[in-house]
Amino acid sequence: MIYFDNSATTKPHTDVLDTFIKVNEQFYANPASIHAAGTQANLLLDRARNQVAQIFNTDEKCVIFTAGGTESNNLAIFGIPKANTHKGKHIITTEIEHASILEACKSLEKEGFEVDYLHVDESGVISLDELKEKIRKDTVLVSIMHVNNEIGAIQPIEEAGQIIHEQSRAVFHVDAVQSFGKVPISFNGEKGPDIITISGHKIHALKGSGAIVFRNKLNIIPLILGGGQEFGLRSGTVAVPQAVALAKAARMAIENLQASNEKYRRWQKDLFKFLTGFGEHIHILSTESGAPHILSFSVKDLKGEILINALQERGIIVSTSSACSSKLQKTSHVVTAIKLNSKFKNGVIRLSFGAFNTDEEIQKFKDEFTKVMIDLTSFRPLL
C-alpha cells in the first residue's frame, strides 16, 4: 500500500514506538506520586517538557501536554476569551480553520462573544488589510492556522502577529498542527504568536498526544478540572509515555525539517508539472508557495470518492479533504471559501507526504493516476 494521507495521520516512527513501549514498561508509575517510582516518572516527564520548551525557546512551565490538536485548540479558544472578558468579548479567526476552532467559536457566539471570520483569496490566504480593519481594542483573541490542512495554504503569521500586537492587547493563537515539523514556526520574539498548538500523530508520533505551548504565561482558564496537573491547566494523570514519545518525535521532526522540506517540495513540483499535463480536466488548488507536503487538486465533473476508490483499488491511499469532514456528504468549507468553480467542487482530492514515502511511490502514483483518468474521463494522452 502506498500511503499519501499523512495530513490525516501518520505512521509512527519505530524509534518513537520503542520509546513509548519502554516508558510504559519501566516508568509506568503516576508522576504525581511521591514514592521513588513516581519521582522517576516525573523526572522523565520534566525532561520531555524541557525538550519541547527548547524547540520553541520558551520556559518549560509554558508547555502543557494534551491529548492532541483538538484539545489544545479548544483550550486556547475557550480558555483565553473566558479568562479575559474584562478586556472585551471580540474574537477574530478565519473562515478556513479546522473544525476544532470553528465549532469552539460558534459555541462562544452562543455565550455572547462576537466573532469575525477573515475571508481568504482563491489561494486560501487571508488579507492583512482585512485583519487591520477587523481588529479592535476589545479583541481578546486572534486565532489563525499556519498551514491549512486541506489545500496547504500558508498564512502570513509574522505579519499578522505584528499587526495584532501593535493594534491590540489580543492574544495571538496559531494552530500549527499541519505545519510543525514541515514549515518553520516559532514565537519570533514579540512579533509572532503567543500560543502554538501541535499534535503528535501528524509528526509520526502517537494518536492521543499533543501540546499547547505559550510564549509567556497568560491569563487562561482550564477546560478540565481535577487534581491540578499540568500547572493547573489540564487536570488528570499525565500520560508520561505519550508525552515522552511526542518530545522524541518533535525533536526528530525539527532535526529532519530541512531535508524533508526539500524532498517534499521536489515531489510537489514534479506532480504540479504532471497534473498540468491533463489540461482543463484538472484544477490544482494548492500553490507552489504553499506547504510542501500537501498537494490538493480536483478533476472536473468527477466525485472525489470515485477517484479515491479507483486509486485504492490500485494500492494508493489518498483523501478527499480533512479526515474530520471527509465522511460528511457536503462541500468542504475550505473549497467554498476559495470559491472553486462548481465543475470542480466535488472532485477534490488531497495528497499529503510523510517520512516513509519514496520517489518510487511518486512515480507509481503518476502511472496509476493516468490510467484512472483514461478509465473515468474523456482524457486521452497525446501519442
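Trainee: How do you know that the reach of helix α3 is close to the expected one?

Mentor: Helix α3 (residues 69–83) has 15 residues, and its first and last C-alpha atoms are 21 Å apart. The expected span is 1.5 Å times one less than the number of residues, and for α3 that gives 21 Å as well. Do keep in mind that this is a predicted model, where local features need pLDDT of at least 70 and side-chain atom pairs count only at pLDDT 80 or more, while totals for chains, interfaces and linings use all residues. Residues are numbered from 1 along each chain as its sequence is written, and side-chain values use heavy atoms, with hydrogens and water left out.

Trainee: Why is α3 called largely enclosed?

Mentor: Because 13 of its 15 residues are buried. Buried means under 20% relative accessible area, exposed means over 50%, and partly exposed lies in between (1.4 Å probe, protein chains only).

Trainee: Which residues of helix α6 are buried, and how do you know that they line one face?

Mentor: In α6 (residues 157–167), the buried ones are Ile157, Ala160, Gly161, Ile163 and Ile164. Looking down the axis of α6, these buried residues fall within an arc of 165°, so they line one face of the helix. The arc is taken from the directions that run from the helix axis to the C-beta atoms. As background, an α-helix has 3.6 residues a turn, so residues three or four places apart point the same way. The cover over the buried residues of α6 includes α5 (128–134), β5 and β6, where contact means heavy atoms within 4.5 Å.

Trainee: What makes β5 and β6 a pair?

Mentor: Two strands pair if DSSP finds at least two bridges between them. Strands β5 (residues 139–143) and β6 (residues 171–175) have three, in the parallel sense, so they qualify as a pair. Leu141, for one, has Val171 in β6 as its bridge partner.

Trainee: Which strands stand at the edges of the sheet they belong to?

Mentor: That open sheet has seven strands in the order β2-β8-β7-β6-β5-β3-β4, with mixed pairing. Its edges are β2 (63–66) and β4 (114–118); each has a single partner strand, so one side of each is left without a neighbour in the sheet. Neighbouring strands here are turned by 20° against each other on average, direction ignored. Four bridges join β2 to β8 in the antiparallel sense, with Thr66 partnered by Gly210 in β8.

Trainee: Which way do the residues of β2 point?

Mentor: Val63 and Phe65 point one way, Ile64 and Thr66 the other, and all are buried.

Trainee: How many strands are in the open sheet with β9?

Mentor: Three, in the order β9-β10-β12, with antiparallel pairing. The edge strands β9 (282–284) and β12 (348–352) each pair on one side only. The twist averages 25° from one strand to the next. Helix α8 (residues 257–276) packs on this sheet, touching β9, β10 and β12, and its direction makes about 10° with that of β10. Such angles run from 0 to 180 degrees between N-to-C directions, with axes fitted to C-alpha atoms, for helices over the stretch in contact.

Trainee: Is His204 buried or exposed?

Mentor: His204 is buried, because its relative accessibility is 7%. This residue lies in the loop between β7 (195–199) and β8 (210–214), and its phi is near 65°, a positive value in a residue other than glycine. Asp301 also has a positive phi without being a glycine, at about 55°. Asp301 sits in the loop between β10 (294–299) and α9 (304–312), and at a relative accessible area of 56% it is exposed.

Trainee: What makes Leu376 partly exposed?

Mentor: Its relative accessibility is 35%. Leu376 belongs to helix α11 (residues 359–376), and, leaving aside neighbours within four places in sequence, it is in contact with Leu302, Ile306 and Ala310.

Methods: Helices (H or I, at least four residues) and strands (E, at least two) are DSSP runs, numbered from the N terminus.
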